[in-house]
Amino acid sequence: MRFSLRALIIVVSFSAIACAAYHYWPREPGAVSSDDFHWRDYSVGIMDQAYSGDLQPHGYTCGGGTYVELREGAHMPGSTGGWYYQVGIQLPVDINVGDQFDLYPVARGRHLEPVGEFDRLGFLRPCEFAAFYFGNPIGGCLKCEDADSGGTLMVVSMTREHVTFEVKLHAEISDSWNVDIDRRFSLPRE
């Protein structure tokens, strides 16, 4: 009787410790969002030629236009896992409420300036867009003048501080996931 009681107490003690450790052990936080959306007045989008020869968004500079940057994704802290897409859309400078713009991929044969050892940069023109998708381990850029890619952007409301717009965009990215956006954004004007 003493042996079985002692064995029962030991088993119950180990079970309680295991349950407590499982319950209170810190967990992985899971995927963390890394969304970054911008509406930049008086800006021109810059594109960079990727290793494949296609063009991807590279940033912006001051100029005569409006640059919209949409970057949405997620990553796993402490690992190399994650995904994101980045789309750069160039619009004209004078935009009013109700304006709707048809969006097209960057035209083929655009003049690009060599900058440094690896970069070849150029500017987006009004109503053009460039897109990039990265997902571990695949990624890619939108092909120039891709016939299956395009979209629209409609300005819903605009104040001195904020702009609300709707984007419907499809970007075919070969050897990767496509970028499909169909949503409304409300962003501060920068």
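The radius of gyration is taken here over C-alpha atoms, and the rule used for a globule is 2.2 Å times the number of residues to the power 0.38.

**View 1. The whole predicted model and its overall dimensions.** By that rule a compact globule of 190 residues would have a radius of gyration near 16 Å, but the protein has 25 Å. Along its principal axes, the C-alpha trace spans about 90 × 40 × 30 Å. This is a predicted model, in which local features need pLDDT of at least 70 and side-chain atom pairs count only at pLDDT 80 or more, while totals for chains, interfaces and linings use all residues. Residues are numbered from 1 along each chain as its sequence is written, and side-chain values use heavy atoms, with hydrogens and water left out.

**View 2. The secondary structure along the chain.** Read from the N terminus on, the elements run α-β-β-β-β-β-β-β-β-β-β-β-β.

**View 3. Strand β11 and its two partners.** Strands count as paired if DSSP finds at least two bridges between them. Strand β10 (residues 150-158) is joined to β11 by eight bridges, and the two run antiparallel, forming a hairpin with three residues between them. Strand β11 is also joined to strand β12 (residues 179-188) by 10 bridges, again in an antiparallel arrangement. Within these pairings, valine 155 stands opposite phenylalanine 165, and alanine 171 stands opposite valine 179 of β12.

View 4. Phenylalanine 165 lies in strand β11, which covers residues 162-171. Its relative accessible area is 0%, so phenylalanine 165 is classed as buried, a word that means under 20% relative accessible area (1.4 Å probe, protein chains only), with exposed meaning over 50% and partly exposed in between. Contact means heavy atoms within 4.5 Å, and, leaving aside neighbours within four places in sequence, the contacts of phenylalanine 165 include Trp39, Val68, Leu153, Arg183 and Phe185. Phenylalanine 165 and tryptophan 39 are 126 residues apart in sequence, yet their C-alpha atoms are 10.0 Å apart in space.

View 5. Buried residues make up 38% of the 190 residues. Among contacts with a separation of 6 or more, 62% come from residues 24 or more positions apart.

Technical notes:
Helices (H or I, at least four residues) and strands (E, at least two) are DSSP runs, numbered from the N terminus.
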